[in-house]
Amino acid sequence: MNDNNAIIRFEKVVKRFGDTTVLDGLDFDVHAGEKVAIIGPSGSGKSTVLRILMTLEGIDSGMIHVAGKPLWHQYRNDQLVPAGEAHLREMRKEMGMVFQQFNLFPHMTVRRNITEAPMHVLGLSRKQARERAHEYLELVGLADQADKFPSQLSGGQQQRVAIARALAMHPNIMLFDEPTSALDPELVGEVLNVIQRLSEEHDLTMLLVTHEMQFAREISDRVCFFDQGRIVEQAPPEELFSEPREERTREFLKGFLKASSAA
Amino acid sequence: MLFGISWDTSSNGAFAVSILPILLRGLLVTIEASIVGFVIALTLGLALASLKSNRRRAVSWPARLLTEFIRDTPLLVQLFFLYYVLPDYGVVLPAFLTGALALGIQYSAYTSEVYRAGLESVLRGQIEAARALDLPPGRIFRVIVLPQAVPRIIPALGNYLVSIMKDVPVLSVVSVLEMLSVAKIIGDRTFNYLIPLSMVGGLYLVLTIVASAGARYLDIRLPKRGLPLR
């Protein structure tokens, strides 16, 4: 695949944790504006893909480009060398990430959680940052909760704040790492609604690791099924969910259907 | 007579009253040595803690080794070393400063462990979120890690302040006139040790109780909104 429109490109990426190979020569492209859902059994390396993109984990070999620039490498005197902290900080500006455990700062109000990075990374004034925080809190439907502390909010509300916090940095790419897995079932909907609105109203590139198959089907342009550090199968959702080509995909989806009908 | 103040040995009560101002002079030195030593322990400990939590082994290991070395050798040995050996290399410090430095170094080994526990209690997930927001490492430490770690470590640090106060008499061996050595001088000259030494005990009790209460007060007053404290 040689595609110049790719905003994210993995080429033969290998990632190991000790003896386990988590990504096994992964090739993976994402176009600008594309919404990609990543599904697969736990330990298949799907979260690792996001963590590597967010520069929270390094890679052992291969090459990743984001927005046309190497992510884990940089050019120095025309030579490709491992990326330094300055380069990584520059590259992080492209992306925002939402975590399974929300990871809000518990000692800061909701507003401060959101204004901290725009003020101290982007150099916005307090006033500008507050306006921006308000704008995104409105987007996630929590404009009236700005003065609360995270512990005073429900899990679903906390995750919506975390989404607003990531968006306030104006990333081009949003990474969602199982954003609803830590939530009580009745709180999943409100978070999914926000993500759905985002995907419809904003021109963001989105990568979403999820176990919510129905949701993946609704919002994504493409679903990637990961297993053992590789993409086993990828296709538009209607195709992958109704007529999966690979035996492994069929097994996984069947297991899922059983589990969800039993519940 | 000491510090220009003479004592009255006519009765035990009069003796106690007359030496109180002298002992208070000593107490002042004890407090000063504790505070200077504590401040050194706090700063040096923080430096050690951040070195020890460094990802590079070449940085963290020497810091760990140093901590272990400081912790496992007696305060008195370190004090003698600073007082008698450093001048051979041109570093001549006044006795008081040498003593406070020895206390500070000794206790930095302990405070660094307190810091480390406090730092580790700030969840890795939060630090990852801060990195994902592109916050620079120094700012992550200052506004994410420290404000959450400090309220958790105040009680332990308070205990070490009290501990330092109780170690100050060791400085008497390098001729620092703290409270105990003042009491001993009075005893040597009047052949009455019972009263000055009892008073030292009493004054120490007051001092440590005040210090513990101060630490408790700080612990209660620190902003902890939103912080889960165990």
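## An aromatic cluster in chain A

In this predicted model, A:Phe10, A:Phe28 and A:Phe226 form one aromatic cluster. A pair of aromatic rings is described by the distance of the centres and the angle of the planes. Rings of Phe, Tyr and Trp (for Trp, its six-membered ring) pair if their centres lie within 6.5 Å, and planes under 30 degrees apart count as stacked, over 60 as edge-to-face and the rest as tilted. A search of the whole structure finds 8 aromatic pairs over all chains. In one of these, the ring centres of A:Phe10 and A:Phe28 are 5.9 Å apart and the planes stand at 55°, so this pair is tilted. The pair links distant parts of the chain, because A:Phe10 belongs to strand E1 (residues 6-17) and A:Phe28 to strand E2 (residues 20-31), 18 residues apart; helices (H or I, at least four residues) and strands (E, at least two) are DSSP runs, numbered from the N terminus.

A:Phe28 also forms an edge-to-face pair with A:Phe226, with 6.3 Å from centre to centre and 90° between the planes. Since A:Phe226 lies in strand E11 (residues 222-227) of chain A and A:Phe28 in strand E2, the pair ties together parts that are 198 residues apart in sequence. A:Phe10 is buried, A:Phe28 counts as buried at 1% relative accessibility, and A:Phe226 is buried at 0%. Here buried means under 20% relative accessible area, exposed over 50%, and partly exposed in between (1.4 Å probe, protein chains only).

## Charges over rings

The charged end of A:Arg165 sits over the ring of A:Phe105, 4.6 Å from its centre, and in chain B, B:Arg64 lies over the face of B:Trp61, at 5.9 Å from the ring centre. A charge sits over a ring if NZ of Lys or CZ of Arg is within 6 Å of the ring centre and within 35 degrees of the ring normal.

A:Lys12, which is not a glycine, has a positive phi near 50°; A:Lys12 is placed in strand E1 of chain A and is exposed, with a relative accessible area of 59%. B:Asp134 has a positive phi of about 75° although it is not a glycine, and its place is the loop between helix H5 (124-132) and helix H6 (137-167) of chain B.

## Basis of the values

Residues are numbered from 1 along each chain as its sequence is written, while chains are lettered from A and ligands numbered from 1 in the order in which they are written. In this predicted model local features need pLDDT of at least 70, side-chain atom pairs count only at pLDDT 80 or more, and totals for chains, interfaces and linings use all residues, while side-chain values use heavy atoms, with hydrogens and water left out.
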